[in-house]
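Dear colleague,

I am handing over the structure we spoke about, and I have set out below what I found in it. Please have it open beside you as you read.

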Amino acid sequence: MENGFNVCFFMIGGIEDKDYYKELTECIKERNYEKHFIFTDFVSNPCDYIKNLDIVLHTSKNEPFGRSIVESMYMRKPVIAFSGGPSEILQNEKTGFIINNNNLERASEIAIDLIKNKLLRKNIGENAYIYAIENFNFLDYTEKLKNIIYC
């Protein structure tokens, strides 16, 4: 691609906005990037894809709690996400990266840094894993929920 990186983007989960999908695929074709993009519909187990990724870009603008972010953290993947719900999950620049104001240029800069720096990818991924284990453990979460409901 333009920066000389051999990358592949997996767009997992489908795109509900058909006009946006058309615009996106036309943009990809205009730049001859078809071999770098793979689109899927909804998948029941995104972990099958996540395990093969180096970096996870979570670009949803409306998702209040991104389960796929936590799944990525459990798989030691650095996550770049737009602010909003992900801000409750990620610790910026420690367990992942939070992009304010949907700043695509900043998201690109971080992605390039992660592509170039394998140690940074590994460290962020490891921090994310530890944080996910400590804060998003199913049994602990269930206990917290039970305490809220039955307080």
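To begin with the interior, 32% of the 151 residues of the protein count as buried. Please bear in mind throughout that this is a predicted model.

**Overall build**

The protein contains six helices and five strands, and read from the N terminus these elements follow one another in the order β-α-β-α-β-α-β-β-α-α-α. Its radius of gyration is 17 Å, which is close to the 15 Å that the globule rule gives for 151 residues, so the protein is as compact as a globular protein of that length. Taken along the principal axes, the box that the C-alpha atoms fill is roughly 55 × 35 × 30 Å. As for contacts between residues at least 6 apart in sequence, 53% of them join residues that are at least 24 apart.

The accessible surface comes to about 10400 Å², and carbon and sulfur atoms account for 50% of that area. Among the side chains, 18 are positive and 22 are negative, with the centres of the two sets lying 6 Å apart.

**Aromatic pairs**

A search of the whole structure finds four aromatic pairs, and I describe two of them here. One is formed by Phe 9 and Phe 37, whose rings are stacked, with 4.8 Å from centre to centre and 15° between the planes. This pair links distant parts of the chain, since Phe 9 belongs to strand E1 (residues 9-11) and Phe 37 to strand E2 (residues 37-39), 28 residues apart.

Because Tyr 21 lies in helix H1 (residues 18-30) and Phe 39 in strand E2, the pair ties together parts that are 18 residues apart in sequence. Tyr 21 is partly exposed, with a relative accessible area of 34%, and Phe 39 is also partly exposed, with a relative accessible area of 28%.

**The loop residue Gly 96**

Gly 96 is found in the loop between strand E4 (79-82) and strand E5 (97-99), and its relative accessibility of 0% makes it count as buried. Leaving aside residues up to four places away in sequence, Gly 96 touches Val 79, Leu 90, Gln 91 and Ile 124. Gly 96 and Lys 77 are separated by 19 residues in sequence, and their C-alpha atoms are 8.6 Å apart in space.

**Helix H3 and its cover**

In helix H3, which spans residues 67-74, the buried residues are Ile 69, Val 70, Glu 71, Ser 72 and Met 73. Which elements cover them? The cover includes helix H2 (47-50), strand E3 (56-58), strand E4 and helix H5 (118-135). After H3 comes Arg 76, whose phi is positive, near 60°.

Conventions: Residues numbered from 1 in each chain as written. Predicted model: local features only at pLDDT ≥ 70, side-chain atom pairs only at ≥ 80, totals over all residues. Heavy atoms only, no water. Helix = DSSP H or I, 4+ residues; strand = E, 2+ residues; numbered from the N terminus. Rg over C-alpha atoms; globule rule 2.2 N^0.38 Å. Buried < 20%, exposed > 50% of the residue type's maximum accessible area, 1.4 Å probe, protein only. Contact = heavy atoms within 4.5 Å. Areas by Shrake-Rupley, 256 points an atom, 1.4 Å probe, with all protein chains shown as cover. Lys, Arg positive; Asp, Glu negative; His and termini not counted. Charge placed at Lys NZ, Arg CZ, Asp CG, Glu CD. Phe/Tyr/Trp six-rings, centres within 6.5 Å; stacked < 30°, edge-to-face > 60°.
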